[in-house]
Each structure stands twice: as structure tokens, then as C-alpha cells.
Amino acid sequence: MSSKTLIDPAALADVSLSHEEVERYSRHLIMPEVGMEGQKKLKAASVLLIGAGGLGSPLAMYLAAAGIGRIGMVDYDVVDYTNLQRQIIHGTKDVGRPKLDSAKDRIQDINPHIQVDTYEVPLTSDNALELFEPYNIIIDGTDNFPTRYLTNDACVLLGKPNVYGSIFRFEGQASVFYAEEGPCYRCLFPEPPPPGLVPSCAEGGVLGILPGTIGAIQATEAVKLILGQGEPLIGRLLLYDALNMEFDQVNLRKNPNCPVCNENPTLTELIDYELFCGMPAHDRSHFSAAEQSNGDSVPQMAPTQLKARLEAGDNLYILDVREPHEWDISNLSHLGAHLIPKGQVVNRLNELDTAQEIVVQCRSGARSADIVRELQTHGFKKLWNLDGGINRWAKEIEPQLPTY
């Protein structure tokens, strides 16, 4: 492959290692696959990380320790307690801080010899090409489909490798999508899944250790691309099952009809990826159900409104559509809430009364909004979605309830 061309040989002429750097990287330098020349390549290289979360944490720390000369990070989130189970670049003291501030401090503590650039903005079609252009490699550490397709298309248009990783519960995937050498992400997934079919980590959970494994694999692939050593995951999708501790791989082919990377592409500029995927390019749990509904006809009830209605003695049926293990974390059973998991609601419509007002709730308001829409198609009209779910209820009404 042509990964050796990722680093301009002319750029290496101006790269040198100080005595301190030679000592720091000594375990690299004594490897024939790296040596002084390879370490200079790493120092001359630039890598952009999309996301400073679960995958971005091990990526940033390992790449910094390896001596990547310039690391860029794109993120606009803040650290909260739910991040700490897996986002190891952040600590308890960082809760409430922008993730980029926390991550930069940690990276520079690991290696003060590298340059760290941060971009506290959402990645969009308007800024992706400009953000990507100065970097040799783009690493996708995101958790939503619009950003994955955006990252892929921008990398194809710029001719840059896209080191891909994804995680969910106990399973992970990794690959290198490099259109100049093999297939791109669209060759594997021409169309995104229907909205709501694939739950996010915020809805389905993720083993905290899993992003460490996949992130380390992505970091390894990036270093291999820079060094021009080994066989990168171009044309291969690596599958990891942590529960059974099994690795497998699927060979990938370039799609001759791919709209963005074939010889005569029909997609030659970035598009509206939220519209293409039918979903927002962010974790919906950070937003209210009203924001999540994208302007549709889901009627919302705030926690304060529900509390007032219950205190007034109104006959409301509270329908909790979370999973049983989530019910065990926190629930409104003391208010008469009934648990029917989202996947069972349609088959248990006989338990619901169309004449009674129903308030549907979940963790944050996204799944419950979906159920309100579903019930509307079955003739239910007296429906409300609890805006913000049980987490917002806990914060505003019953602080003794835990949030998650």
C-alpha cells in the first residue's frame, strides 16, 4: 500500500529528536520497524480525532505517548459523571468542564513535546473540509450515523484515510476506510439504518472497558499508516465480541456503484447528513424531548406539570417504556407507573385504555416520544410524553432518585 506517502519525505528533513525525546521514545527506537526514521515520521504526522469521549480517550492518550507531533480534537460536550465509567482521559475533578479542556491538559501531561489543537464546535458539512485538510489521518470516534457519513465523505473528497471504530454494549468494530486503497464506509453501509432501529450507547449502554480495546486498535492502525508498516485494516472489518472474547473479520470490497468513491461519483460535495440519516448528529439524551421530536406532533408534559396534575387527583396512566434493568435503577412505581418495555408495547395494547390519559416516560424522553407516535397510529389520542424522562423528573421533582 502507499501509506508511506502520508508523510512528505521533504518534511522529515526538518524533523529532529532532542536527547529527552530519544530517551522518551527509546523503546520505539530500538524496534527496527520504527527506529529514528519512523519516530521522526510520527513527530511529523498530524492526526485529527473526532470526539473526546469513549474512543477519543484512549486514542488521544496513546497517540500522544507515541509521539504524534500534532493532535487535533473536535468536540463540544462537557464532562459529566456518566462519562467517567469509560472516558478515562477525564477525571472526577473535570465534571462540568469542556471535554476538550480536560483532554488537552491530560495529553500535555503525557507528552509536552507535541502540539494539541482543539476545536470546540459541532462537526458539520460547513466546516468538515476545512478542519480535516491540514491533517494526515482522520480518526472517527463518534457514536452517531450522520457524523460517520459526514466523516467518510469528507475523507474521500480530500483523499485522506479514515480510521473507523464503533462500540455498543459488549461489541466493537474497527476498520480503515481509505478510498485511494480500498472501500469507504459507504461501500459497507450504502444507507443508514432506519431512525431508532440502532440505539445509542446512552440508550443501550456500553461496557466501560470496550472503548479502550477498540480505541487502542484504532491508535495502532494510525501508527501503522504513518510508519508504512504491517497490513492495515484497509478492506477488512474487524469484529470484536468482548462477552465471548472472540475476534473475527470480514473482507470488504469496493462498491463499483458507490456514490462517493467510484470512478464517476455522483456525490461530489458534502450534503445534509441529518436529513440523509433522518436523525440528529448528537446524543439525543442531552436534549429535551421537545428538541428531539424535530418539530413533530408529540405532545409534551413537563415534570412540574405532571406533578401538579397528580396532586390535583387527575386520573393519569404513567407508562414506563424502559427495560426492566433500568426500572431497577429508578422508577415512579410510588406514583402508580406501569412498566411495559418499548419492544412489547404494540403486543400489549390491550392493557392500555384509549379513554384514559397516558403519560409515556423513559430515561430522557426519546424512546417515549417514539411510543407516543406509535400509539397515535393505533387510535390513541390522550397522550403525553414526559419531557426529559425520569432523569429530568429526578432533577426537578425528586432529587432522591438517581439519574443515569
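Student: Which residue in β5 stands opposite Ile-138?

Tutor: In this predicted model, strand β4 covers residues 137–140 and pairs with β5 in the parallel sense over 3 bridges. Ile-138 has its opposite number in β5, and that residue is Asn-162.

Student: Which residue is the bridge partner of Asn-162 in β6?

Tutor: Strand β6 comprises residues 171–177 and pairs with β5 in the antiparallel sense over 7 bridges. Asn-162 stands opposite Ile-138, and its bridge partner in β6 is Phe-177.

Student: How many of the 7 residues of strand β5 are buried?

Tutor: Strand β5 runs over residues 162–168. It pairs with β4 in the parallel sense and with β6 in the antiparallel sense.

Student: Which residue in the hairpin of β5 and β6 takes a positive phi?

Tutor: The two strands pair in the antiparallel sense, and the hairpin has 2 residues between them. A phi near 55° is found there at Arg-169.

Student: What is the volume of the second largest pocket, and which elements give two or more residues to its lining?

Tutor: The volume of the second largest pocket is about 230 Å³. Of its 12 lining residues, those closest to the centre are Arg-169, Pro-199, Glu-323, Lys-342 and Arg-367. Arg-169 is also the residue with positive phi in the hairpin of β5 and β6. The elements that give two or more residues to the lining are α10 (201–204) and α15 (324–327).

Student: Which residues are linked with Lys-93 and Asp-94 in a network of salt bridges?

Tutor: A search of the whole structure finds 19 salt bridges, one of them between Asp-94 and Lys-93. The network that links these two residues also contains Arg-97 and Asp-105.

Student: How many residues apart are Arg-106 and Asp-109 in helix α6?

Tutor: The side chains of Arg-106 and Asp-109 meet in a salt bridge of 3.5 Å, N to O. Arg-106 is partly exposed at 33%, whereas Asp-109 is exposed at 60%. Both lie in helix α6 (residues 99–110), about one turn of the helix apart, and the separation in residues is 3.

Student: What is the N to O distance in the salt bridge of Asp-314 and Arg-309?

Tutor: Asp-314 counts as partly exposed at 30% relative accessibility, and Arg-309 counts as partly exposed at 21%. Their side chains meet in a salt bridge, with an N to O distance of 2.3 Å.

Student: Which residue has its backbone nitrogen 3.2 Å from a polar atom of the side chain of Asp-272?

Tutor: Asp-272 lies in the loop between β8 (246–251) and α12 (273–277). It is partly exposed, with a relative accessible area of 45%. The backbone nitrogen that lies 3.2 Å from a polar atom of its side chain belongs to Glu-274.

Conventions. Residues are numbered from 1 along each chain as its sequence is written. This is a predicted model: local features need pLDDT of at least 70, side-chain atom pairs count only at pLDDT 80 or more; totals for chains, interfaces and linings use all residues. Side-chain values use heavy atoms; hydrogens and water are left out. Helices (H or I, at least four residues) and strands (E, at least two) are DSSP runs, numbered from the N terminus. Buried means under 20% relative accessible area, exposed over 50%, partly exposed in between (1.4 Å probe, protein chains only). A polar contact is a pair of N or O atoms within 3.5 Å; within protein, one must be able to donate a hydrogen and the other to accept it, and residues adjacent in sequence count only if both atoms are side-chain atoms. A salt bridge is a side-chain nitrogen of Lys or Arg within 4 Å of a carboxyl oxygen of Asp or Glu. Two strands pair if DSSP finds at least two bridges between them. On a 1 Å grid over the protein atoms alone, a cavity is a set of points where a 1.4 Å probe fits but cannot get out, and a pocket is an open set with protein on both sides within 12 Å along at least five of seven lines; lining residues have an atom within 4 Å of a point. Grid points are joined across faces, edges and corners, and a volume is the space filled by probe spheres set on the points.
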